[in-house]
Amino acid sequence: MCKDNTEAQICGSGGLYNPADSSTVDQKTIQIRLPDPGSLDGSQSQANVSWRQIMETLQIPRPKYQPVVVQNFSIKLVDKASIHLPDGSADYRPQLGNLALGAPDVKHVFDGSPEVNASLIPAAIYQSGEISTNSFGLHIGSVAMGIPLSLWLGGYDSSRLLGSVSSQPYSGDQLLIDLLEVGIGVDNGASPFPFAQKQDLLRQGNASIGDSIQVSLDPLAPYLHLPQSTCAAIASYLPVSYQSKYRLYFWNTEDPRYEPLVKSPSFLSFTFRAPSLPQAKLIIKVPFQLLNLTLQAPMIDTPTQYFPCRSPLAGGTHPSGYALGRAFLQAAFLAVNWDENHGAWSLGQAPGPDTATAPQQEQFSNIFKSSTASWSDSWKGHWTPIEEKISTVNSTSPAVPKDAAAPMAGLSAGAKAGIGVGCAAALVAGIGLCFYRMRSRARRASERASQQAAEAKRIEEEKFQRAEIPFMVEAADPEPVEMSHREIFQELPASPPSPPPKPRPGPS
């Protein structure tokens, strides 16, 4: 894979690992044929797979220190593979591998005679005494938004964590959690939607979904793998269209709603069950800027913006097929402690691009330290809030009394509109009654002098004209906001240049 010059840029600067060029590779000790490695990217089918299990000596460089050396590092080496597009119309070569970041077991054990114990990265470094726990802390970040990858072995960067953290036990090598709700919100400014916030998108259009669904946090999967009805519910409020060839939603970049929306402080919110927190819930917000991704070669000829919501994974290791992958983890902090007695994994809100650049390294303990920065402040330099347009009464018009302008508590918008229309109708009826009475008095006073009658009528009309008449003014629609940013986020790779890690019992 990636052997010719035409694909050099797709492969990236990391290069191609070739065991023939290594003097430390062990291709003979593990002679056991394992099952098919499954989907290489967590969501696609594949064909023509040729692979083998090897061991290698891995060196992890450290500035100002000697490199960390991991002996007998377990590698699943894929020599040949092709991935089908979802509709089977074309094949392409995978561009990313994955780096396993440990498992509940400290060794990758291969049954046989004799038994082979290969090494897993965090456990091997922990056993060597270089780190205090068999653990890692991860924030994938976003290359296009200038949020660099943060990965710490044996600890975490507290500047990549905002607010509360939900901690829960892992299940084997699966990081499972209950998703209670999916919603749309706007942090500040006017809303690009016909509402300020919207909830219950998880169950919209699907009565079979109960109070929650169980999802897996998976850095190997690229998308938001949710019920198809949930993706459709979210997409119904976005300028997108579904493309069955790719099983993805493409943004309609010519729609006048597109640029104001993806640049605005609007977001998708994910509410999780969090028994470890006093409120028993954790909300993670993912700005639409991070969900305006770009599909690139080799999947498509012309770079195309897409919204990364896709139906559940078919088969694989995810119990339900529901998974939140790299698209979600751009905005989330993830940490795992594989300790056999106190093991747990943790989830929290990650900041945006306007955050501290110096890492704040912390070791794992029962209490997580988080940054005091606010989530809104970490994004404000990259948002363009939509201006809220408020129409005002002309200075020459009569003032509206405060009690008339104040909204009526407990009334719906329809009821308030009805009251406004009713008052206007009563006012028109009053005007008609006023003219009727003035004309009646004029007829009964016909015996008076014409000059006196005219004067009386003039006085009555002046009184009517001086009456203050309250009225309603409808707010104008917000002006579109021009945006020039577009995220570059490739399907494969669909993450920052460094391959996103995936906790597995065995590396791939």
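Quick housekeeping, then. Because the model is predicted, local features need pLDDT of at least 70 and side-chain atom pairs count only at pLDDT 80 or more, while totals for chains, interfaces and linings use all residues. Residues are numbered from 1 along each chain as its sequence is written, and side-chain values use heavy atoms, with hydrogens and water left out.

Okay, the core. By nonpolar core I mean buried Ala, Val, Leu, Ile, Met, Phe, Trp, Tyr and Cys residues joined through side-chain atoms within 4.5 Å; buried is under 20% relative accessible area, exposed over 50%, partly exposed in between, with a 1.4 Å probe and protein chains only. The largest one has 77 residues, and among those with the most contacts inside it are Leu 268, Phe 270 and Phe 328. Its largest share, five residues, comes from strand β10, residues 176–186. A second, separate core has 11 residues, including Val 25 and Ile 54.

Strands here are DSSP E runs of at least two residues, and helices H or I runs of at least four, numbered from the N terminus. So how enclosed is β16, residues 266–273? Seven of its eight residues are buried, so the rest of the structure largely encloses it. Two strands pair if DSSP finds at least two bridges between them. β16 pairs antiparallel with β10 over seven bridges, and with β17, residues 281–287, also antiparallel over seven bridges. If you want landmarks, Gly 185 has Phe 267 as its bridge partner in β16, and Phe 270 stands opposite Ile 284 in β17.

Now rings. Phe, Tyr and Trp rings (the six-membered one for Trp) pair if their centres lie within 6.5 Å; planes under 30 degrees apart are stacked, over 60 edge-to-face, the rest tilted. There are 19 aromatic pairs in the structure. Phe 193 and Phe 195 have ring centres 5.3 Å apart and planes at 5°, so that pair is stacked. Phe 267 and Trp 375 are edge-to-face, 5.7 Å centre to centre with 90° between the planes. Phe 267 is in β16 and Trp 375 in the loop between β24 and α6, so this pair ties together parts 108 residues apart in sequence. Phe 267 is buried at 7% relative accessible area, and Trp 375 is buried too, at 9%.

Last one: Tyr 156, Phe 333, Phe 364 and Phe 368 make up one aromatic cluster.
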